[in-house]
Amino acid sequence: MNVGKETIIEAFLQLLHKKSFEELSVKEIIQKAGFSRSTFYLHFADKYELMEDVRRTLNGHFLSFYEMEFNQWGKPMTLHLCEHIFEYRSFYELEFSDTNAIQKLSNRLAAHLLLVFDDQDYAIFASYGTIGYLTIWVKNSFQMSPAEAAEKLLKIGFTNWTKKIGYEI
(Lines give C-alpha, C1' and ligand atoms only; values in the text may rest on other atoms or scores of the structure.)
Protein backbone atom coordinates (compact mmCIF):
# COMPACT_ATOMS: atom_id res chain seq x y z
CA MET A 1 0.00 0.00 0.00
CA ASN A 2 1.12 3.56 -0.63
CA VAL A 3 2.72 5.25 2.41
CA GLY A 4 0.70 8.45 1.86
CA LYS A 5 -2.54 6.50 1.69
CA GLU A 6 -1.66 4.47 4.79
CA THR A 7 -0.81 7.64 6.71
CA ILE A 8 -4.09 9.30 5.70
CA ILE A 9 -6.06 6.23 6.79
CA GLU A 10 -4.21 6.08 10.13
CA ALA A 11 -4.85 9.79 10.73
CA PHE A 12 -8.52 9.29 9.87
CA LEU A 13 -8.87 6.39 12.33
CA GLN A 14 -7.13 8.40 15.08
CA LEU A 15 -9.45 11.35 14.50
CA LEU A 16 -12.50 9.09 14.70
CA HIS A 17 -11.59 8.57 18.38
CA LYS A 18 -12.12 12.28 18.98
CA LYS A 19 -14.84 13.33 16.54
CA SER A 20 -17.79 11.85 14.73
CA PHE A 21 -17.44 11.11 11.03
CA GLU A 22 -19.88 13.91 10.20
CA GLU A 23 -17.77 16.46 12.12
CA LEU A 24 -14.50 15.45 10.45
CA SER A 25 -13.22 17.48 7.53
CA VAL A 26 -10.66 16.64 4.88
CA LYS A 27 -8.65 19.59 6.19
CA GLU A 28 -8.39 18.01 9.64
CA ILE A 29 -7.45 14.63 8.19
CA ILE A 30 -4.63 16.03 6.06
CA GLN A 31 -3.35 18.21 8.90
CA LYS A 32 -3.19 15.15 11.15
CA ALA A 33 -1.53 13.11 8.39
CA GLY A 34 0.90 15.88 7.54
CA PHE A 35 0.04 15.91 3.85
CA SER A 36 -1.42 18.36 1.36
CA ARG A 37 -4.91 18.29 -0.09
CA SER A 38 -3.48 17.15 -3.41
CA THR A 39 -2.04 14.03 -1.74
CA PHE A 40 -5.42 13.28 -0.17
CA TYR A 41 -7.23 13.75 -3.50
CA LEU A 42 -4.67 11.57 -5.25
CA HIS A 43 -6.09 8.66 -3.22
CA PHE A 44 -9.68 9.64 -2.37
CA ALA A 45 -12.38 11.79 -3.96
CA ASP A 46 -13.68 12.81 -0.52
CA LYS A 47 -14.02 11.60 3.07
CA TYR A 48 -16.86 9.26 2.04
CA GLU A 49 -14.61 7.43 -0.39
CA LEU A 50 -11.98 7.25 2.35
CA MET A 51 -14.58 5.71 4.67
CA GLU A 52 -15.57 3.14 2.01
CA ASP A 53 -11.92 2.20 1.53
CA VAL A 54 -11.47 1.76 5.29
CA ARG A 55 -14.72 -0.25 5.47
CA ARG A 56 -13.62 -2.56 2.64
CA THR A 57 -10.21 -3.08 4.22
CA LEU A 58 -11.27 -3.61 7.83
CA ASN A 59 -14.36 -5.69 7.07
CA GLY A 60 -12.26 -7.73 4.66
CA HIS A 61 -9.74 -8.31 7.45
CA PHE A 62 -12.61 -9.23 9.81
CA LEU A 63 -13.97 -11.78 7.32
CA SER A 64 -10.51 -13.21 6.61
CA PHE A 65 -10.50 -14.85 10.05
CA TYR A 66 -13.22 -17.16 8.72
CA GLU A 67 -10.98 -18.22 5.84
CA MET A 68 -8.18 -19.46 8.08
CA GLU A 69 -7.67 -23.15 8.71
CA PHE A 70 -8.34 -24.16 12.31
CA ASN A 71 -4.67 -24.93 13.01
CA GLN A 72 -3.59 -21.48 11.70
CA TRP A 73 -5.42 -19.61 14.44
CA GLY A 74 -2.92 -20.18 17.25
CA LYS A 75 -5.64 -18.85 19.55
CA PRO A 76 -9.43 -18.98 19.31
CA MET A 77 -10.76 -17.29 16.17
CA THR A 78 -13.15 -15.31 18.34
CA LEU A 79 -10.14 -13.77 20.09
CA HIS A 80 -8.72 -12.71 16.72
CA LEU A 81 -12.09 -11.11 15.90
CA CYS A 82 -12.44 -9.30 19.22
CA GLU A 83 -8.85 -8.06 19.19
CA HIS A 84 -9.37 -6.77 15.65
CA ILE A 85 -12.55 -4.94 16.61
CA PHE A 86 -10.93 -3.50 19.73
CA GLU A 87 -7.84 -2.36 17.80
CA TYR A 88 -10.05 -0.55 15.27
CA ARG A 89 -12.73 0.43 17.78
CA SER A 90 -13.12 3.97 16.45
CA PHE A 91 -14.19 2.49 13.10
CA TYR A 92 -16.40 -0.25 14.57
CA GLU A 93 -18.14 2.20 16.92
CA LEU A 94 -19.22 4.05 13.80
CA GLU A 95 -19.85 0.91 11.73
CA PHE A 96 -21.99 -0.81 14.37
CA SER A 97 -24.15 2.29 14.84
CA ASP A 98 -25.30 2.00 11.20
CA THR A 99 -28.01 -0.64 10.68
CA ASN A 100 -27.25 -0.87 6.95
CA ALA A 101 -23.57 -1.51 7.65
CA ILE A 102 -24.50 -4.16 10.25
CA GLN A 103 -26.78 -5.90 7.77
CA LYS A 104 -24.19 -5.83 4.96
CA LEU A 105 -21.48 -7.26 7.21
CA SER A 106 -23.89 -9.89 8.56
CA ASN A 107 -24.79 -10.92 5.01
CA ARG A 108 -21.14 -11.11 3.97
CA LEU A 109 -20.35 -13.19 7.05
CA ALA A 110 -23.31 -15.48 6.29
CA ALA A 111 -21.87 -16.09 2.81
CA HIS A 112 -18.53 -17.05 4.38
CA LEU A 113 -20.20 -19.32 6.93
CA LEU A 114 -22.25 -21.01 4.21
CA LEU A 115 -18.98 -22.18 2.66
CA VAL A 116 -17.84 -23.51 6.03
CA PHE A 117 -21.03 -25.17 7.26
CA ASP A 118 -22.84 -25.86 3.97
CA ASP A 119 -26.14 -24.96 5.68
CA GLN A 120 -27.76 -21.64 4.76
CA ASP A 121 -30.05 -21.49 7.80
CA TYR A 122 -27.21 -22.10 10.24
CA ALA A 123 -24.95 -19.65 8.39
CA ILE A 124 -27.57 -16.88 8.65
CA PHE A 125 -28.32 -17.63 12.31
CA ALA A 126 -24.64 -17.77 13.28
CA SER A 127 -23.77 -14.67 11.27
CA TYR A 128 -26.47 -12.40 12.62
CA GLY A 129 -25.93 -13.74 16.15
CA THR A 130 -22.19 -13.09 15.97
CA ILE A 131 -22.53 -9.59 14.56
CA GLY A 132 -25.36 -8.82 17.01
CA TYR A 133 -23.24 -9.93 19.96
CA LEU A 134 -20.24 -7.92 18.78
CA THR A 135 -22.44 -4.87 18.15
CA ILE A 136 -23.71 -4.95 21.75
CA TRP A 137 -20.14 -5.35 23.03
CA VAL A 138 -19.08 -2.26 21.05
CA LYS A 139 -22.18 -0.23 22.00
CA ASN A 140 -21.56 -1.05 25.67
CA SER A 141 -18.16 0.65 25.36
CA PHE A 142 -16.14 -2.57 25.57
CA GLN A 143 -17.04 -3.24 29.21
CA MET A 144 -15.40 -6.65 28.78
CA SER A 145 -11.87 -7.14 27.57
CA PRO A 146 -11.42 -8.63 24.09
CA ALA A 147 -10.42 -11.92 25.74
CA GLU A 148 -13.59 -12.02 27.87
CA ALA A 149 -15.85 -11.13 24.94
CA ALA A 150 -14.13 -13.74 22.77
CA GLU A 151 -14.52 -16.43 25.42
CA LYS A 152 -18.23 -15.71 25.80
CA LEU A 153 -18.76 -15.65 22.04
CA LEU A 154 -16.94 -18.97 21.70
CA LYS A 155 -19.03 -20.47 24.52
CA ILE A 156 -22.24 -19.33 22.83
CA GLY A 157 -21.11 -20.96 19.58
CA PHE A 158 -20.54 -24.32 21.29
CA THR A 159 -23.68 -24.33 23.45
CA ASN A 160 -26.29 -26.99 22.70
CA TRP A 161 -29.38 -24.84 23.18
CA THR A 162 -31.81 -27.66 22.42
CA LYS A 163 -30.60 -29.56 25.49
CA LYS A 164 -31.37 -26.57 27.74
CA ILE A 165 -35.03 -26.53 26.67
CA GLY A 166 -35.45 -30.32 26.83
CA TYR A 167 -35.55 -30.83 23.09
CA GLU A 168 -33.11 -33.02 21.20
CA ILE A 169 -32.78 -33.00 17.43
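This is a predicted model: local features need pLDDT of at least 70, side-chain atom pairs count only at pLDDT 80 or more; totals for chains, interfaces and linings use all residues.
**Entry 1: His-43**

I began with His-43, which has its place in helix α3 (residues 37-43); helices here are DSSP runs of H or I with at least four residues, strands are runs of E with at least two, and both are numbered from the N terminus.

Residues are numbered from 1 along each chain as its sequence is written, and side-chain values use heavy atoms, with hydrogens and water left out. The average pLDDT of the chain is 90, and 89% of the residues score at least 70; pLDDT is the predictor's confidence in each residue, from 0 to 100.

**Entry 2: the chain as a whole**

I recorded 10 helices and zero strands for the chain, so the pattern read along the sequence is α-α-α-α-α-α-α-α-α-α. Of its 169 residues, 41% count as buried. Among the contacts with a separation of 6 or more, 56% come from residues 24 or more positions apart.

**Entry 3: α1 against α4**

Next I looked up how helix α1 (residues 3-16) meets α4, and found that their axes come within 11 Å and cross at roughly 95°. That makes α1 roughly perpendicular to α4. Axes are lines fitted to C-alpha atoms, for helices over the stretch in contact, and angles run from 0 to 180 degrees between N-to-C directions; those under 35 degrees count as roughly parallel, over 145 as roughly antiparallel, 65 to 115 as roughly perpendicular, and the rest as oblique. On the α1 side the contact is made by Lys-5, Ile-8, Ile-9, Phe-12 and Leu-13, and on the α4 side by Leu-50, Met-51, Asp-53, Val-54 and Leu-58. I sorted this contact by class into eight nonpolar, no polar and two charged residues, with Ala, Val, Leu, Ile, Met, Phe, Trp, Tyr, Cys and Pro counted as nonpolar, Asp, Glu, Lys and Arg as charged, and the others, Gly among them, as polar.

**Entry 4: α4 against α7**

I followed helix α4 (residues 47-64) to helix α7 (residues 99-117), where the two pack at an angle of about 40° with their axes 11 Å apart. That makes α4 oblique to α7. Arg-55, Asn-59, Phe-62 and Leu-63 of α4 make the contact with Ala-101, Leu-105, Arg-108, Leu-109 and His-112 of α7, and these residues divide into five nonpolar, two polar and two charged.

**Entry 5: α5 against α9**

The axes of helix α5 (residues 77-87) and helix α9 (residues 146-158) come within 8 Å and cross at roughly 140°, and the two helices are therefore oblique to each other. From α5 I listed Thr-78, Leu-79, Cys-82, Glu-83 and Phe-86, and from α9 Pro-146, Ala-147, Ala-149, Ala-150, Leu-153 and Leu-154, as the residues that make the contact. By class they are nine nonpolar, one polar and one charged.

**Entry 6: loop residues**

I looked up Asp-118 in the loop between α7 and α8 (120-139), and found a positive phi of about 55° although this residue is not a glycine. At 68% relative accessibility, Asp-118 counts as exposed. Phe-142, in the loop between α8 and α9, likewise has a positive phi of about 55° without being a glycine, but at 11% relative accessibility Phe-142 counts as buried.

Last, I checked Glu-67 in the loop between α4 and α5, which counts as exposed at 54% relative accessibility. The C-alpha atoms of Glu-67 and Leu-113 are separated by 9.3 Å, with the two residues 46 residues apart along the chain.

Terms used. Contact means heavy atoms within 4.5 Å. Buried means under 20% relative accessible area, exposed over 50%, partly exposed in between (1.4 Å probe, protein chains only).
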